[in-house]
Amino acid sequence: MVKKIIKSYDYSLIAVIFVLSLFGLVMIYSASMIMAPARFELPSDYFYQKQKVHMILALIAFLVTALIPYKVYQFKQVLVFIFFGSIAVLGALFVFGHVAGNAQSWYKLGSRSLQPAEFIKLGVIIYLSAVYAKKQHYINNFNVGVIPPLLYLVVVCGLIVLQPDIGSAAIIFLIALTIILSSGMNGKTIAKLFGVMFIILLLVSPFFLLKKDSIFTEERMGRIYSFLDPFAYEEKEGYQLVNSYLAIGSGGLKGVGLGESVQKYGYLPEPHTDFIMAIISEELGAAGVLFVLFCLSFIVLKGLRVAAICKDPFGSLLAIGISSMIGIQSFINLGGMTGIIPLTGVTLPFVSYGGSSLLLLGLAAGMLVNVSMFTNYDKNYRSQIKPIQQDSNVKGFR
């Protein structure tokens, strides 16, 4: 049985995740080697060395969740912990949280910081997947099958918006919406759901107007203005986007060469995080960009394939949630870098610098690999188990 389980792991998925993470590590060094000493008076390999530690922790997390049967997360005790734990952790930020980037979204742990909203994404995925999987028999009973889990989502997103971190709340909402729409509801129930969402939006809109000075800050509105016309705000709000365009244009098809970027010399303030793809485009050209896009697409499509063939509703929704998280974050990062959507400060999965983000992805990727393993095992070996043939001559079995 152990040999069959080992054979059932999707090693192509594992390999792509590891290769993309290692590629990201190399690009983090290249992107930050000038910025670290020039801006922060740190060694040129400072961010590279920190990301190596993050990768080790993420690898440990990946191995743990890849080995633990994913159905464990369906246990009532786990769901209760996620429900109350996530609310408590987000609530405590308003007392013990560290302010960075005009948002009280971090816990300061010595020299390191931890962003709870990153891990809340996975908590929401597990919770909604488990609850909606259990409600399959009455998923179209709106008051009982749909509404209760949404109360948890509203509370979590509300607490994150209050930090304020609108970007993370929007990502969590989109991930949750993907899970909900994949849960088996019919068109009538979905229509009711969107109606309720519209009513909630109307009810909370006065809050946004009252809090407009803290939520719609000059910096956030600047991102909207620079998105609409970056060159009109080239000296301020559009500075990063314009230099991102210059990096992409300079790279062309072949790139200027690994380590030879000009834009990382202070022109792109965050070349190793939000705009790392711009550096990849400049240094490695279209080949580097296509490599990253291929790896990310491979992971997302593999996850969706697992969801499609998995016979367990919880496993299927879990795979959809994790795949959508990676896909949504990738789209938001790349969309912001290219000016398709406003900038939100979202990292590129597996590539950008960031301990909280990489640790979350390690946990989530391990879960996805575990769902894939059990799905492959059921597909390849469960069907080989022949049912016990009943003897028609034995009394009572006719």
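Mentor: The largest cavity has a volume of about 30 Å³. A cavity here is a set of points on a 1 Å grid over the protein atoms alone, where a 1.4 Å probe fits but cannot get out. Points join across faces, edges and corners, and the volume is the space filled by probe spheres set on them. The model is predicted: local features need pLDDT of at least 70, side-chain atom pairs need 80 or more, and totals for chains, interfaces and linings use all residues. Numbering runs from 1 along each chain as its sequence is written, and side-chain values use heavy atoms, without hydrogens or water.

The search finds 1 cavity of 30 Å³ or more. Lining residues, those with an atom within 4 Å of a point, are Ser21, Gly24, Leu25, Ile28, Gln51, Met55, Phe350, Val351, Ser352 and Leu358. Helix 2 and helix 4 (46-67) are the elements that give two or more residues to this lining. Helices are DSSP runs of H or I, at least four residues, numbered from the N terminus. Helix 2 gives the largest share, 4 residues. By class, the lining has 6 nonpolar residues, 4 polar and no charged. Gly counts as polar in this scheme.

Now the charged contacts. The whole structure holds 4 salt bridges (a side-chain nitrogen of Lys or Arg within 4 Å of a carboxyl oxygen of Asp or Glu). One of them joins lysine 302 to aspartate 10, with the closest N and O atoms 2.8 Å apart. Lysine 302 sits in helix 13 (residues 276-309) and aspartate 10 in the loop between helix 1 (2-8) and helix 2 (11-32), so the bridge ties together parts 292 residues apart in sequence. Both lysine 302 and aspartate 10 are buried (under 20% relative accessible area with a 1.4 Å probe, protein chains only; over 50% is exposed, and partly exposed is in between).

Helix 13 also takes part in another bridge. Glutamate 283 meets lysine 264 at 3.1 Å, N to O. Glutamate 283 lies in helix 13 and lysine 264 in the loop between helix 12 (239-251) and helix 13, so this pair links parts 19 residues apart in sequence. Glutamate 283 is buried at 1%. Lysine 264 is buried at 1% too.

Glutamate 118 is buried at 8%, and lysine 121 at 3%.

Next, the rings. There are 16 aromatic pairs (Phe, Tyr and Trp rings, Trp by its six-membered ring, with centres within 6.5 Å; planes under 30 degrees apart are stacked, over 60 edge-to-face, the rest tilted). Phenylalanine 83 and tyrosine 127 have ring centres 5.8 Å apart and planes at 45°, so they are tilted. Phenylalanine 83 is in helix 5 (residues 76-96) and tyrosine 127 in helix 6, so the pair ties parts 44 residues apart in sequence. Phenylalanine 83 is partly exposed at 24%, while tyrosine 127 is buried at 12%.

Tyrosine 127 also pairs with tyrosine 152, again tilted, at 4.5 Å centre to centre and 45° between planes. Tyrosine 152 lies in helix 7 (residues 142-161), 25 residues from tyrosine 127. Both tyrosines are buried. Elsewhere, Phe40, Tyr46, Phe47 and Tyr353 form one aromatic cluster.

Note on methods: 1 Å grid on protein atoms, 1.4 Å probe; cavity = no way out; pocket = protein on both sides within 12 Å on 5 of 7 lines; lining within 4 Å.
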